[in-house]
Amino acid sequence: KCITTLNHLPRGMSVDETVLTIAPHSPADVLYQYLDENGYFTDWAATVNFLRDELDTSITVYDTTGITDGRIHMTGEVVEHAGFQIAVRSTTHASGWRKAKALYLALDSINNTAIVLDTNLPVGILHANYVINSIKKTSNVLALGVERGTRRFLFTFNALMTLSVELEQEP
């Protein structure tokens, strides 16, 4: 049995009339899983929503502010675009730029892409079956310069994604 999660309260429904299920993972968790499964973190440490200070070469996927577009007229469904940021830290400008640009270009291949997460789930849920429907980049790769107090270079870019999920329940 699958439960489709809701990002909104359907038109005409009260909270008492529907069971709202929240996706168990953040958009950054889902994108991290995709990038990891497809080998984009090879030889680089990667994290979600925190940058470990002891790592000279690292990638971090952050959750950021998204956009709500409004409702689909016929269904009342709210269209949400989750925001995310990818940050890259490197010991040289050249290697950091190359990695940030490779990650930036990798997002172009994501279109209705399925990702299954089976960790950190609520009791009674076997799998969270996500689909990244689309990604819209909202910036180019930006070189932020040298990190204060170190000689490490920082790069970042931002984007939005539309994401859907179905939760597979235990029988």
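Okay, let's start with Asn112: with a relative accessible area of 52%, Asn112 is exposed. Exposed here means over 50% relative accessible area, buried under 20%, and partly exposed in between, with a 1.4 Å probe and protein chains only. Asn112 sits in the loop between H2 and S5; helices (H or I, at least four residues) and strands (E, at least two) are DSSP runs, numbered from the N terminus. The phi of Asn112 is positive, near 50 degrees, and this residue isn't a glycine.

Quick note on what we're looking at: this is a predicted model, where local features need pLDDT of at least 70, side-chain atom pairs count only at pLDDT 80 or more, and totals for chains, interfaces and linings use all residues. Residues are numbered from 1 along each chain as its sequence is written, and side-chain values use heavy atoms, with hydrogens and water left out.

Next, Asn49. Asn49 also isn't a glycine, and has a positive phi of about 65 degrees. You'll find Asn49 in the loop between S2 and S3, partly exposed at a relative accessible area of 36%.

Now the inside. A nonpolar core is a set of buried Ala, Val, Leu, Ile, Met, Phe, Trp, Tyr and Cys residues joined through side-chain atoms within 4.5 Å. The largest one has 34 residues, and Leu31, Ile86 and Ile135 touch the most other members. Elements giving two or more residues to this core include helix H1 (27-37), helix H2 (93-106) and strand S8 (153-169). S8 gives the most, six residues.

So what does Leu31 touch? Leaving out residues up to four places away in sequence, Leu31 touches Val61, Phe84, Ile86, Leu107, Ile110, Ile132, Ile135 and Met161, where contact means heavy atoms within 4.5 Å.
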